[in-house]
Amino acid sequence: MNDAVDVFLDQWGRERPDLDVSPMGLIGRVQRLNRLLVRGLEEYFVTQGLELWEFDVLGTLRRSGAPYALTPKELVRMTMVGSAAMTNRVDRLVKRGLVSREVDPENRRRTVVSLTPEGLELVDVAVKGHVANEERLLEGLDGGERARMVELLRTLLLSLDDTLEE
């Protein structure tokens, strides 16, 4: 059975037989997969009263461990979002009462973003359903296929220097 990318590759092969368009097959599938997975994630998060980006920030704070607080710079690094976008996101989450922004008591020249009790409760409920939703989205792959895909994707990400090491 052919997927949509096979159709595109066949068209390119017909129009430009001089090119090896096989890289388009992999990257095109990753892009289409990303769109489909994001749609599936967004559909779940709307049921929780969240947008995907909100969960990303709340989840990043939650997985950082108690006291569930990071500097804006750390949030930017952990979420791959620019500092201006992060400022906007934190502002919006502060207005919702899900995070607070305060002066860092250990270094008064910087601020710390922390989960509020409401934010902690919401993210803890949402993450349980999120994991179940991701399981549903991946049910087309068995355990061995998932493990192979994880290793291949990790290898590619590392080759593109996608690490959090400084």
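Trainee: What makes up the lining of the largest pocket, by class?

Mentor: There are 24 nonpolar residues, six polar ones and ten charged ones. Here Ala, Val, Leu, Ile, Met, Phe, Trp, Tyr, Cys and Pro count as nonpolar, Asp, Glu, Lys and Arg as charged, and the others, Gly among them, as polar. Bear in mind that this is a predicted model, where local features need pLDDT of at least 70 and side-chain atom pairs 80 or more, while totals for chains, interfaces and linings use all residues. Numbering starts from 1 along each chain as its sequence is written, and side-chain values use heavy atoms, with hydrogens and water left out.

Trainee: How much space lies in the largest pocket?

Mentor: About 1,800 Å³. Its lining has 40 residues, and those closest to the pocket's centre are Leu33, Asn34, Leu37, Glu134 and Leu153. A pocket is an open set of points on a 1 Å grid over the protein atoms alone where a 1.4 Å probe fits, with protein on both sides within 12 Å along at least five of seven lines; a lining residue has an atom within 4 Å of a point.

Trainee: Which element gives the most to that lining?

Mentor: α2, with ten residues. At least two residues each come from α1 (4-15), α2 (22-47), α3 (52-63), α6 and α7 (143-159). Helices are DSSP runs of H or I with at least four residues, and strands are E runs of at least two, numbered from the N terminus.

Trainee: How does the reach of α2 compare with what is expected?

Mentor: α2 has 26 residues and goes 39 Å from its first C-alpha to its last, close to the expected 38 Å. The expected span is 1.5 Å times one less than the number of residues. Gly49 follows α2 and has a positive phi, near 75°.

Trainee: And which residues of α2 are buried?

Mentor: Gly25, Gly28, Gly40, Leu41, Tyr44 and Phe45. Their cover includes α1, α3 and α6.

Trainee: Now α5 (83-95). Which residues of α5 are buried?

Mentor: Met86, Val90 and Leu93. They are on the same side of α5, because they cover an arc of only 65° around the axis. That arc is taken from the directions from the helix axis to the C-beta atoms. An α-helix has 3.6 residues a turn, so residues three or four places apart point the same way.

Trainee: What is on the face turned away from the buried side of α5?

Mentor: The exposed residues Ala84 and Lys95. The buried residues of α5 are covered by elements including α3, α4 (72-79), β2 and β3. Just after α5, Gly97 has a positive phi of about 80°.

Trainee: Where is Tyr68, and what makes its phi worth a look?

Mentor: Tyr68 lies in the loop between α3 and β1, and its phi is positive, near 60°, in a residue other than glycine. Tyr68 counts as buried because its relative accessibility is 18%. Pro67 is in the loop between α3 and β1 as well, and a cis peptide bond joins Ala66 and Pro67, with omega about 15°.

Trainee: And Met80: why is Met80 called buried or exposed?

Mentor: Met80 is exposed because its relative accessible area is 70%. Met80 sits in the loop between α4 and α5 and has a positive phi of about 60°, although it is not a glycine.

Technical notes
Grid points are joined across faces, edges and corners, and a volume is the space filled by probe spheres set on the points. Buried means under 20% relative accessible area, exposed over 50%, partly exposed in between (1.4 Å probe, protein chains only). Contact means heavy atoms within 4.5 Å.
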